[in-house]
Amino acid sequence: MKVLFYSIKNYERKILQEANKNRFHLTFKEEVLNLETAFLARGFEAISIFTNDNASEDILRILHSVGIKYITIRSTGYDNIDLIMAKELGITVSNVPDYSPESIAEHTVMLLLNLLKKNKMVQNQLAHQNFSLDNIIGETIHNKTIGIIGTGKIGSIVAKILSAFGANIIACDTVMNKTLEKNYNVKYVSLINMAYNSDIISIHTPLNEYTHYMINHDLMSRMKNNVLIINTARGSIVNTKEIIENLNKKNIGGYATDVYEFEKGIFFYNHSQSRIKDKMLTELMNMDNVIITPHQAFATKEALSRITEITFENLTSWYLRKEIKNKISDVEYKLMTI
Ligand code: NAD
């Protein structure tokens with residue numbers, strides 16, 4: 001079977017080739033899947049895409065017209081795929097549901113510790129040989145109330161790690177995790193209640209029509225002054241314009257994020273020569289109390305090897321017409337395609 005891989009980065013080529021073990025005929029493209037590049041899939045039966053590829057309605061129609069029957073995404077999140085249209089067109093879709101939630105959970109805690117210990121300012125000061133402590137007094141996680149939105153695979157690990165630091169964890173989810181309640185003293189509350197009571201809020205829901213702009217003016221107006229917000233989920237769960245306004249007004253004490261609403265075309269690429277033109281991202285990057293990482297939480301050796309392994313499991317199941325364990329094309333609720 002011929003498989004076209006979109007959005008391939010240098011770090012993936014070797015590991016994918018090795019894991020393939022000559023099973024399939026692989027073609028790697030650095031191009032992102034979009035209206036112009038969808039035609040590259042002519043002659044292939046299956047494609048593999050990543051988070052910044054666009055598999056919205058029009059693009060799926062082109063893929064279908066050139067013969068694509070199967071899409072496997074090399075990530076957990078699939079908010080960039082119009083699943084309803086894929087189903088209508090008879091295109092089967094699968095993802096990598098569980099590759100290394102620890103990678104993202106640990107990254108979340110790293111971001112939080114960096115915010116609390118003002119590490120961005122520390123590094124800026126050190127660059128100017130300023131070793132004074134005046135502006136870099138930190139805070140502990142211990143005894144803080146931390147609100148976790150979404151206690152699925154990643155959020156539940158974050159809750160366990162932070163509970164070991166001695167934080168009081170409150171959580172908000174449509175499904176309550178009994179183990180977290182019983183063994184980690186996690187209390188489930190409403191989103192509004194969480195906003196009022198948390199010193200720190202960490203986001204771990206999928207992006208869908210219910211969570212899009214979940215963190216907005218209204219919710220932020222109910223949060224404690226100086227609350228810290230961490231986002232390792234998806235950029236559009238936070239209204240970026242509104243969080244910048246709240247950071248400027250000093251309602252929000254700090255924001256650390258691995259994802260950005262308009263990251264497509266920016267994150268994952270080297271812009272050191274061309275420079276980025278995105279004003280909101282530049283403004284965020286210039287703030288002392290904002291930490292940005294370029295969607296790298298998943299990028300650990302452990303996660304990459306698991307993503308590759310599961311991608312080939314998905315491809316093999318499809319090729320052998322076996323049941324696909326990680327099939328997502330039957331998901332019933334409507335997911336946003338942004
Ligand atoms: P998951 O499906 O295991 O957990 C998500 C949880 O959110 C579930 O428990 C679900 O019930 C809950 N939820 C859904 N809608 C909700 C709502 N409106 N309010 C409250 N809770 C809600 O997902 P996961 O694997 O833990 O992934 C969490 C997020 O992390 C996703 O957005 C995913 O795309 C993102 N992610 C980011 C990276 C990265 O590199 N930064 C890597 C992997 C996943």
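**Around the ligand**

I sorted the shell around the ligand first: ten residues are nonpolar, eleven polar and four charged. Here Ala, Val, Leu, Ile, Met, Phe, Trp, Tyr, Cys and Pro count as nonpolar, Asp, Glu, Lys and Arg as charged, and the others, Gly among them, as polar.

I'm working with a predicted model, where local features need pLDDT of at least 70, side-chain atom pairs count only at pLDDT 80 or more, and totals for chains, interfaces and linings use all residues. Numbering starts from 1 along each chain as its sequence is written, and side-chain values use heavy atoms, with hydrogens and water left out.

Next I looked up who surrounds the ligand: 25 residues do, and the closest are Lys153, Ile154, Asp173, Thr205 and Asp258 (near means a heavy atom within 4 Å).

For Phe298, a backbone N or O atom lies 3.2 Å from a ligand oxygen. Arg234 uses a side-chain N or O atom, at 3.3 Å from an oxygen of the ligand.

**Domains**

I noted domain 1 (2–99 + 301–335) and domain 2 (101–292), with bounds from an automatic or database domain assignment. Their C-alpha centres lie 30 Å apart. Each domain gives the ligand shell at least three residues.

Definitions and conventions
A polar contact is a pair of N or O atoms within 3.5 Å; within protein, one must be able to donate a hydrogen and the other to accept it, and residues adjacent in sequence count only if both atoms are side-chain atoms.
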